[in-house]
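These are my notebook entries on one structure. I record what I looked up, and in which order.

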Amino acid sequence: MGCLEALKPEILLSQSSFREAREYIRKNVREYHEVEPGYRIFDVHIIGVPPLYIGVEGEHLIFPYTKPCHGTFVVKVPGGEEIGMAFASRTYRCPGSLSPPKGLVLSRIQR
Amino acid sequence: MTENSNENALILLGCPQVPVQTSMALYLVHSLKQRGIRPVIAGTPAARKLMEVADPDRHYLPEMADIDAAIDEITEKRRDFDLCFVFIHNDSGVAYAGTMAYISKARVYALIFGEHAEDLAAEIEFPCEVVAAKAVHNPMPLKRKLDEVMQWAVSKR
């Protein structure tokens with residue numbers, strides 16, 4: 001079982017396009033951060049064409065998860081203590097995963 | 001032919017739901033090898049397994065990689081490619097091609113097929129070469145389009 005699956009993500013939007021996922025986060029999540037394509041979060045990559053967003057809502061992270069056969073899902077998972085690490089240090093990792101390349105978080109957006 | 005023996009190409013497989021993908025991927029491997037370009041195939045476990053089962057002695061198949069591992073290698077600057085061919089028949093395929101166009105220095109070719117090839121081609125809004133044909137069961141329309149661009153693809157390097 002992968003890291004993301006183990007966190008039992010809540011599915012906010014299912015089998016959408018990556019553009020629809022982007023718009024969902026932009027319109028429904030108050031705080032979101034722009035990341036580059038290929039940004040690794042937990043054990044998955046953020047896939048698509050910029051701009052791509054990761055949202056923060058309380059103790060949870062909200063981000064698009066693209067599956068080759070089933071489209072893009074917007075998932076919500078507990079971020080816990082690592083939310084602060086994610087965007088403060090510009091790295092985000094789960095146990096056993098590789099660190100993402102530095103500098104992939106482009107900007108912080110808050111409405 | 002080995003005139004391009006230092007060059008390599010990533011072949012990114014999408015969901016193997018549409019039959020022509022596996023056939024065209026093997027044909028593309030052949031075409032690249034003919035031109036002395038070393039192919040690497042990345043894809044989902046199912047997409048790779050379809051190819052591995054069809055070629056158990058690995059007469060045709062080159063190096064195979066997990067799709068996420070390949071993306072990690074590129075984003076972490078541990079590896080990159082000269083050419084990248086992305087098989088696309090749904091929105092996820094477009095998303096992966098867009099990601100490759102962004103993270104890799106490779107010249108990206110979007111190989112678009114399936115029932116909605118034209119609609120998907122219209123969604124491409126990032127730098128790449130589009131090769132699109134409405135091919136589902138019969139690979140020939142996509143093969144003809146690919147043949148047209150292959151010589152040009154190699155000569156551009």
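Entry 1. Strands here are DSSP runs of E with at least two residues, helices are runs of H or I with at least four residues, and both are numbered from the N terminus. I noted that this is a predicted model, in which local features need pLDDT of at least 70, side-chain atom pairs count only at pLDDT 80 or more, and totals for chains, interfaces and linings use all residues. Residues are numbered from 1 along each chain as its sequence is written, while chains are lettered from A and ligands numbered from 1 in the order in which they are written.

Entry 2. I then followed strand 1 of chain B. Leu10(B) stands opposite Cys84(B) in strand 4 of chain B. Four bridges join strand 1 to strand 4 (residues 83-88) of chain B, and the two run parallel. Strand 1 of chain B is also joined by five bridges to strand 2 (residues 38-43) of chain B, again in parallel. There I found Ile41(B) as the bridge partner of Ile11(B). Two strands count as paired if DSSP finds at least two bridges between them.

Entry 3. Is strand 1 of chain B buried or exposed? Five of the five residues of this strand (residues 8-12) are buried, so it is largely enclosed by the rest of the structure. A residue is buried if 20 or more other C-beta atoms lie within 10 Å of its own, exposed if 12 or fewer do, and partly exposed in between, with C-beta atoms placed from the backbone. Asn8(B), Leu10(B) and Leu12(B) point one way, and Ala9(B) and Ile11(B) point the other way.

Entry 4. I looked up the whole sheet next. It is an open sheet of six strands in chain B, with the order 3-2-1-4-5-6 and parallel pairing. Strand 3 (63-66) and strand 6 (129-132) of chain B stand at the edges with a single partner strand each, so one side of each has no neighbour in the sheet. Neighbouring strands are turned by 20° against each other on average, direction ignored. Axes are lines fitted to C-alpha atoms, for helices over the stretch in contact, and angles run from 0 to 180 degrees between N-to-C directions.

Entry 5. I turned to the helices of chain B. Helix 3 lies across strand 1, strand 2 and strand 3, running at about 90° to strand 3. Helix 4 packs on the sheet and touches strand 1, strand 4 and strand 5 (107-112), its direction making about 165° with that of strand 4. Residues are in contact if their C-beta atoms, placed from the backbone, lie within 7 Å.

Entry 6. I checked Met150(B), which is found in helix 6 (residues 140-156) of chain B. Met150(B) counts as partly exposed, because it has 19 C-beta neighbours inside 10 Å. Its C-alpha atom is separated by 8.4 Å from that of Leu32(B), 118 residues apart along the chain.

Entry 7. Finally, I looked at chain A. Its secondary structure comes to three helices and eight strands. Of its 111 residues, 40% count as buried.

Key. Two residues are in contact if their C-beta atoms, placed from the backbone, lie within 7 Å.
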